[in-house]
Amino acid sequence: MSYVEIPLWRLGIAALLVGVAVLLSRAARLELEKDLGLGAIRAAVQLVAIGYALRLLFAAEHPVAVFAVLFVMWLVAAWTSTRRLKHGPGTRVLLPHAFVAIGLGAFVALVPVFLFVIPPRPWFEGRYVIPIGGMMLSSAMNVVAQVFERLFASARTEAATLEQYLALGATPEQALAPYRRAALRAALIPTINGLVTVGLVSLPGMMTGQILSGTEPEQAVRYQVVVMYQLVVVAAVAGVAAASFARRLIFTGDAQLRT
Amino acid sequence: MEALLVARDITVVRDDRRVVDAATVTLDTAAIVTIQGGSGSGKSTLLRAIATLIPTSSGQVLFEGREPQVIGVIEYRRRVAYVPQLPQMFEGTVAENVRTGPGFRGVALSDTEVVALLEHVGLGPELAPRAATELSGGERLRVALARALANEPRVLLLDEPTSALDPVASRVVLDLLRALARRGTAILAVTHVEEHATYLEGQRFRMTNGALRADAAESAS
């Protein structure tokens, strides 16, 4: 395998690109300079850290180490998905639900693929499990966050309408159905757009990376197709699970709106 | 004879305040009962508690001698309909709004049935295809009534049914309620308008600071 190596000083040149964005932010008074700067630094620090962590992990090749990393990623994804919500019962109540919803989505996407499609040898090989697992968790995180955000916002802004559905004899499922549909559609559309435009508009990062590091494009493409299909099922399963949890948090057992 | 609906000692506590304080009210078939009281007296909360839309701190509701939880709250709400003050219209046509309740239990009302329900509340068939959200306040209330009646309830709980209406429209609605009662529907209406309570006749209650008591004026007569 041969590829162009990036020494640190050339990484510094790339960082200047963020500088351009900072200058534009200042000129347009977006007040995002601090966020941009901190974000750029965080991204570099986090990625360098995970780089070293992965090197250790791949060297160790121990299932406990691999799954410990995956577990931390899972936890961070769950926490992140509940953190910025403006409505709803708050992170403490939502976190376990997000954790399960993300876990369900990732489980359904990962297990069959690692069993039958890309079986790593050994089965816990970090080089496969961590990056693909990470992509699934991150996609599930975004879907769960969006479904929670939209449903809890609807429960608040549409409380009067929801209550009238209930008064007309709707079950909580029936009352929430239009909002659930809208939330799930909105959460799934980016993934579907990804399916439709991939190869035409975007060359996905994983595929690009594999090609850059010397993988045959044909194989890199197959990996990417698998991942895209996984992303679809992740979004669907995590989204439906999140919607179902949200419903239970929005209504009481007596089919009343929680206040 | 067993009362159709009994709400006994209903208490709703919110932020340590007894918004409804041991209120008791009984409805027989075809009865009209009105509750008067100022804003914040707890009358709307009592109505929503009887409709099982909010939890009660204590007290008991019995419909035909059974608790809503025993009947099933979903089923109970079909028999004991609740129409809020300033009802929301759902997206879609007036006809779709009227079909909502039966639709929840898989029953599709025919066009004839929809028109009959609209006529019942004094609205013409030409309203059926109109967008419900574009209606006037009076029309909305009547569509909400038709929507509730589509479930064929035995009891109607009405929160300020005339609050958004001019005197003419109010009279139409009050006449409709009297006609419904004559045909056997029990009606519990909250209102702050003295004349409307008088016009509806029936038993009258007054609510003050969460406490419900029989209206002195009526008891004296």
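Biologist: Where do I start with two chains? How many residues of chain A are in contact with chain B?

Modeller: Start with the count. In this predicted model, 17 residues of chain A are in contact with 21 residues of chain B.

Biologist: How is the size of an interface given?

Modeller: Often as the accessible area lost when the parts come together. Here chain A and chain B bury about 1700 Å² between them. Of that area, 56% is on carbon and sulfur atoms.

Biologist: Now the charges. Which residues form a salt bridge between chain A and chain B?

Modeller: The count between the two chains is 1 salt bridge. R48(B) forms a salt bridge with E163(A). Their closest N and O atoms are 2.5 Å apart.

Biologist: Which elements of chain A give two or more residues to the side that touches chain B?

Modeller: They are α6 (159-167) and α7 (172-197) of chain A. α6(A) gives the most, with 7 residues. By type, the residues on this side of chain A divide into 9 nonpolar, 6 polar and 2 charged.

Biologist: Next, the rings. How is a pair of aromatic rings described?

Modeller: By two values: the distance of the centres and the angle of the planes. Over all chains, the count comes to 10 aromatic pairs. Take W74(A) and F99(A), which form a stacked pair. Their centres are 4.1 Å apart, with 5° between the planes.

Biologist: Why does the pair of W74(A) and F99(A) tie together parts that are apart in sequence?

Modeller: Look at the helices. W74(A) lies in α3 (residues 63-83) of chain A and F99(A) in α4 (residues 91-117) of chain A, so the pair ties together parts 25 residues apart in sequence.

Biologist: What do F148(A) and F152(A) form?

Modeller: F148(A) and F152(A) form a tilted aromatic pair, 5.6 Å centre to centre, with 45° between the planes. Both lie in helix α5 (residues 126-157) of chain A. They are 4 residues apart, about one turn of the helix. Both F148(A) and F152(A) are buried.

Biologist: Which residues do ring pairs link into a cluster?

Modeller: F67(A), W123(A) and F124(A).

Conventions: Residues are numbered from 1 along each chain as its sequence is written. Chains are lettered from A and ligands numbered from 1 in the order in which they are written. This is a predicted model: local features need pLDDT of at least 70, side-chain atom pairs count only at pLDDT 80 or more; totals for chains, interfaces and linings use all residues. Side-chain values use heavy atoms; hydrogens and water are left out. Contact means heavy atoms within 4.5 Å. Buried area is the accessible area (1.4 Å probe) that two parts lose on being put together, summed over both. A salt bridge is a side-chain nitrogen of Lys or Arg within 4 Å of a carboxyl oxygen of Asp or Glu. Ala, Val, Leu, Ile, Met, Phe, Trp, Tyr, Cys and Pro count as nonpolar, Asp, Glu, Lys and Arg as charged, and the others, Gly among them, as polar. Rings of Phe, Tyr and Trp (its six-membered ring) pair if their centres lie within 6.5 Å; planes under 30 degrees apart count as stacked, over 60 as edge-to-face and the rest as tilted. Buried means under 20% relative accessible area, exposed over 50%, partly exposed in between (1.4 Å probe, protein chains only).
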